[in-house]
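Hi,

Here is the structure I promised to pass on. My notes on it follow below.

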Amino acid sequence: FSTSTYCKMWADAQKDLDILLQKERGEFLQPETNLGKVSKMLAASYIQYMEIFRKLAAAYDHLIHRQKRAAIRPVLDSVMGRILEIKREMVKLDNSECQYLDDILMELNRPLEDIEIPIPKYFIEENLEVLQQREKTLDEILLNAGLQEQKPVEAMTLPEAIKLIQVAERARQGRSRAVFMKRIYLEEKRTTKQEEQTGQSPDDAATRIQKVWRGYIQRKRTEKIREEEMIFLGITLPLHLEGIGSFRKQAGTIKALQDNVQERQDEEFFKDKLKETEGAHIKETLQDQISQCFTECRHITGRFPDFPPEKAGGSKAIFSEKTPEQVLEELAAKQEAEKTDQKGKNEKEEKEKSKEKKPQKAGKKVRLPADEGWKMGPSNFLSILEEGSSQFKVFWQNRDNESDFLQDHDPELIKEWKREEVEEEIRVQVTELMEEKLRNLKLHVDGEKVGTQKKGGKAEKVRAAMMSLAHRTIDSLYQELAEGGLLIKARAVNLSDYIGNYDCLRSSLRGTGAQPLPSAPDVRQLVALYGILPLGSQMVHENAPLVKSLLLAGPTGVGKKMLVHAICTETGANLFNLTPSNIAGKYPGKEGLLMMLHMVLKVGKELQPSVVWIGDTEKMFSKGAPKGEDEMDSKRLGKMLPQFLKALKPKDRVLLVGTTARPFEANMGPFCKVYQKIILIPRPDYMSRFGKYFNSSSLWKHFILQNGGAFSSLENLSCLAQLSDGFTQGHILDVVQTVLSELRLLQMPRKPLKTVEFATSLARHIPVYKEEEETLE
């Protein structure tokens with residue numbers, strides 16, 4: 001794909017976004033009593049936003065131009081946030097996490113795969129060096145602590161060694177033959193030239209020289225153009241970067257070199273140039289504005305005003321085009337609003353608690369009064385989307401992308417964007433100077449002394465509670481948690497590795513009023529929406545509906561732990577393991593557990609994103625009395641989790657993920673209070689075990705090929721899918737690994753695999769019985 005292709009993809013996404021925003025203004029802002037119509041509108045918008053998300057993510061990942069990427073980024077994040085907002089409305093309307101959109105997809109002529117959540121690559125790529133260094137540090141800590149074995153150097157087999165020697169020898173013989181043939185060719189050419197040069201006229205000689213020279217110049221030009229094209233496509237590197245070429249290619253940062261190295265220097269150059277040419281004028285203007293405001297306020301009120309605090313806008317309140325009386329009135333109004341704001345928050349929290357005490361039954365849809373109707377809630381992203389759309393129309397819509405082959409920067413745009421940063425930096429400097437000047441004026445003119453503000457409140461209490469950790473560095477806490485086995489290394493698995501297909505039979509149960517179990521694609525979608533997207537983007541996490549905790553429930557072996565590792569892999573998050581069996585005896589007592597949570601909270605916030613995983617989480621909320629000290633500590637930790645979640649703010653990309661195979665053993669009140677979202681993961685259905693088509697993804701075929709086997713019979717695969725009804729992904733993987741031993745793999749060429757081999761091993765496992773499934777539901 002070329003640059004123009006992705007520019008067109010961006011333009012198409014912006015065009016679709018404009019149409020969708022216009023549609024939302026007309027439909028979502030009007031009250032609607034027909035809930036069926038509302039459900040259709042939300043589903044259609046959800047699918048359309050998903051298509052826009054997919055296009056913007058592809059354009060952002062592949063475009064090189066930094067300014068274009070900077071224009072796409074806020075729109076991309078806002079589209080992700082808007083998808084989460086619409087999902088929240090759909091869940092409220094249906095009172096179910098799983099919505100079946102088959103009918104809407106058929107109306108829009110879209111395949112089922114269009115509702116798969118794409119994972120933007122920038123979640124990892126933008127922090128690649130930091131993540132690599134952190135992984136290297138963690139490996140060293142675990143290796144020194146004896147928690148991780150050093151990977152042994154694999155010895156080369158005899159056939160591989162023979163093949164390597166053969167390749168090297170053939171290459172040597174080829175080079176020798178090429179040198180010999182070149183020598184013969186040059187000798188023949190020299191002899192021919194000597195024969196032709198005898199008896200030539202000066203005109204013929206000049207023509208020959210011109211011909212040779214023009215050919216040489218044209219070859220050089222062609223070679224230069226080809227080299228520029230190869231550098232642009234990322235196939236080769238410039239000469240000054242050839243030394244680090246192999247490492248960069250392996251790390252996948254060719255594109256990062258293209259769009260970060262040179263243009264970042266250009267932007268810094270323009271910023272320094274602006275400071276040099278306009279900095280003095282900006283500083284003088286700001287000082288004059290503040291001084292003028294001080295003088296006018298004293299003339300009106302008889303005394304110099306107090307300098308506006310940062311909460312009230314700081315010196316920005318003075319820079320706004322307002323009279324001194326208006327500035328003083330606004331500051332006084334803001335101080336009164338801060339006093340009454342806390343009362344309003346307390347009343348709001350009490351109302352929300354009273355609502356939470358009366359939850360609706362699962363599967364029962366929302367009923368609205370006849371005179372009110374449904375109306376879309378407020379959005380934190382629509383204004384950003386509209387602003388991004390207008391900027392696209394002004395700056396990029398009519399830009400000629402074909403002539404911009406090198407995807408160079410636009411100096412005027414950089415100056416315009418960097419001017420705001422320069423003004424903000426200078427404003428901070430001017431604020432400090434003018435605060436000192438105001439103190440001197442009050443002291444010498446009005447005879448006042450400026451007192452220091454008292455510090456206190458909840459923030460001081462929190463600091464006092466964590467004084468024991470104040471002297472500790474993040475590196476020392478990180479090392480202690482890693483050596484204690486609480487900070488572990490996540491396995492490199494992607495969300496797409498969680499295999500499974502859509503089950504069309506489950507969607508047919510909607511008409512009966514039953515709640516069908518989610519399929520594997522539903523699980524992937526929910527994990528991406530509630531786990532990966534918010535953790536990957538700071539803007540989405542701060543403004544989208546906040547999900548602090550997530551529970552993955554299902555039988556043993558359905559892939560709950562794999563999904564936890566997939567969240568960490570897709571976002572580059574740290575993984576803290578607070579499973580009861582893992583923390584047993586490490587931080588005993590109430591004080592020890594409190595210290596452990598503070599350490600996890602401090603490291604998780606500082607090195608975000610982070611995932612705090614609690615396996616077998618139902619043990620923390622078990623109904624019976626604790627039988628030992630370890631179980632007592634486990635229950636104490638369960639009681640501390642609400643306070644742990646309360647300490648997480650929207651800016652903190654930390655997610656609590658619990659996994660359980662027996663949630664029915666927990667005390668439901670406190671258990672459901674801790675976990676905000678609950679995802680039930682059932683055992684795989686027939687479509688996931690077999691696949692829609694023989695070439696599509698299926699559990700049996702995937703695991704057999706992954707472990708070195710070969711399976712070509714469609715009948716045998718269908719038979720295995722039927723035999724494994726009731727078994728989980730973990731059972732199937734264990735069966736395949738047991739059958740495909742080293743000896744069996746050596747026998748594969750002369751003894752193909754048979755169904756009976758897997759059936760015998762499968763019979764040794766205990767399936768998930770119907771009673772357990774019903775209890776989980």
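Helices in these notes are DSSP runs of H or I with at least four residues, and strands are E runs of at least two, both numbered from the N terminus. By that naming, Thr 571 lies in helix α21, residues 560–571. Please keep in mind that this is a predicted model, with local features needing pLDDT of at least 70, side-chain atom pairs counting only at pLDDT 80 or more, and totals for chains, interfaces and linings using all residues. Residues are numbered from 1 along each chain as its sequence is written, and side-chain values use heavy atoms, leaving out hydrogens and water.

Thr 571 has a relative accessible area of 4%, so it is buried (under 20% relative accessible area, with a 1.4 Å probe and protein chains only). Leaving aside residues up to four places away in sequence, Thr 571 touches Phe 123, Ile 124, Ile 532, Leu 535, Gly 536 and Pro 609, where contact means heavy atoms within 4.5 Å. As for α21, 10 of its 12 residues are buried. The cover over them includes α5 (122–125), α19 (520–536) and β4 (610–615). Just after α21, Gly 572 has a positive phi of about 70°.

**A helix pair**

The axes of α23 (residues 589–606) and α24 (residues 629–646) come within 10 Å and cross at roughly 45°. These axes are lines fitted to C-alpha atoms over the stretch in contact, with angles from 0 to 180 degrees between N-to-C directions. Among the residues making the contact are Leu 593 and Leu 597 of α23 and Leu 637 and Phe 644 of α24.

Best wishes

Definitions and conventions. Buried < 20%, exposed > 50% of the residue type's maximum accessible area, 1.4 Å probe, protein only.
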